[in-house]
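Take a look at the sequence and the fold below. The report that follows begins with a helix and then turns to the sheet.

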Amino acid sequence: MLFKSRFSVLLVSILFIVAACGNKKQKETPQPDASEGTYFSIRQFVSDQWETFHGQPFAIAKIVTLNGKTDSIMTNADKLDWGSIFKIFFATDIGDPKFLGKYDFSQFADDATASNNFYYEAKEPDLFTRKLHIISDDVTNKIKSIYIETEQKTKWGSRIQRLFYIPVKTISIQEFESTTTGDKKELRVEYRFM
């Protein structure tokens, strides 16, 4: 009888252990597939900015510098050709799942500026968007600035863009073109919100 009761206790203990191990396996969260998710979407961010600030009466200084010669005008947000500005930024978007794995990603905190930095750099030389650097506030997570670098090989040379945006302060679009014949073009268009 003593043997049966000890055997029963042992059997019940083993069943509890097996059941507990089995429950742990069921409760484990599955690891996400590497093909799921996306990188930061410029399209989504620009759309959010448009929804937030559209219709507000911003005075804007537009400063154009072409090959060292500068011209500027004062305008306002209602008169800007936002479509052409958005088109330039939208072309740099890496938010589509097809870009997963094609960029090295790193993030780091900057205590001196109370910021978080998110940095994407292209792994492949033929990707249009070469670099994307996002800085956000470490408390509110609001984006402080976005910097994008692109490069495109053309039939006769190359074209590099540097785009910079500080929400409701500055939009900067720089283009550098060089050709095999030695011709160069340097264009900078800056929009400063007043």
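Predicted model: local features only at pLDDT ≥ 70, side-chain atom pairs only at ≥ 80, totals over all residues.

Helix 2 has 12 residues, and at 1.5 Å a residue they should span 16 Å.

Which residues of helix 2 are buried? They are I42, F45, V46 and Q49. Seen down the axis of helix 2, the buried residues fall within an arc of 95°, so they line one face of the helix. Their cover includes helix 3, strand 5, strand 6 and strand 7.

Both ends of helix 2 have a detail to find. At the start, a side-chain oxygen of S41 comes to within 3.5 Å of the backbone nitrogen of R43. After the helix comes G55, with a positive phi near 90°.

How many strands form the open sheet? There are 9, in the order 2-1-9-8-7-6-5-4-3, and their pairing is antiparallel. Strand 2 (69-76) and strand 3 (103-110) are the edge strands, and each pairs on one side only. On average, neighbouring strands of this sheet are turned by 10° against each other, direction ignored. Strands of a sheet pair through backbone hydrogen bonds.

| Strands | Bridges | Facing residues |
|---|---|---|
| Strand 3 and strand 4 | 8 bridges | D104 and E121 |
| Strand 4 and strand 5 | 7 bridges | N117 and I135 |
| Strand 7 and strand 8 | 10 bridges | I160 and F176 |

Now follow the chain between strands. The hairpin of strand 3 and strand 4 has 4 residues between the strands. In this hairpin, A114 takes a positive phi near 50°. Another hairpin joins strand 4 to strand 5 through 6 residues.

**Helices across the strands**

Helix 2 (residues 42-53) lies across strand 5 (129-137), strand 6 (143-154) and strand 7. Helix 2 runs at about 135° to strand 6. Helix 3 (residues 82-90) lies across strand 1 (59-66), strand 6, strand 7, strand 8 and strand 9 (184-193). Helix 3 runs at about 65° to strand 8.

**Two serines in the strands**

Start with S115, in strand 4. Is S115 buried or exposed? Its relative accessibility is 2%, so S115 counts as buried. The side chain of S115 makes a polar contact with the side chain of K144, at 2.8 Å. Leaving out residues up to four places away in sequence, S115 touches F108, A109, D110, I135, S136, D138 and K144.

Next comes S172, in strand 8. At 4% relative accessibility, S172 counts as buried because the cut-off is under 20%. Which residues does S172 contact, leaving aside its neighbours within four places in sequence? They are R162, L163, F164, R188, V189 and E190.

Look back at the places these residues hold. S115 sits in strand 4, which pairs with strand 3 over 8 bridges and with strand 5 over 7 bridges. S172 sits in strand 8, which 10 bridges join to strand 7.

Terms used. Residues numbered from 1 in each chain as written. Heavy atoms only, no water. Pairing = 2+ DSSP bridges. Axes fitted to C-alpha atoms, helices over the stretch in contact; angles between N-to-C directions. Contact = heavy atoms within 4.5 Å. Buried < 20%, exposed > 50% of the residue type's maximum accessible area, 1.4 Å probe, protein only. Expected span 1.5 Å × (residues − 1). Arc of directions from axis to C-beta. Polar contact = N/O pair within 3.5 Å; in protein donor to acceptor, adjacent residues only side chain to side chain.
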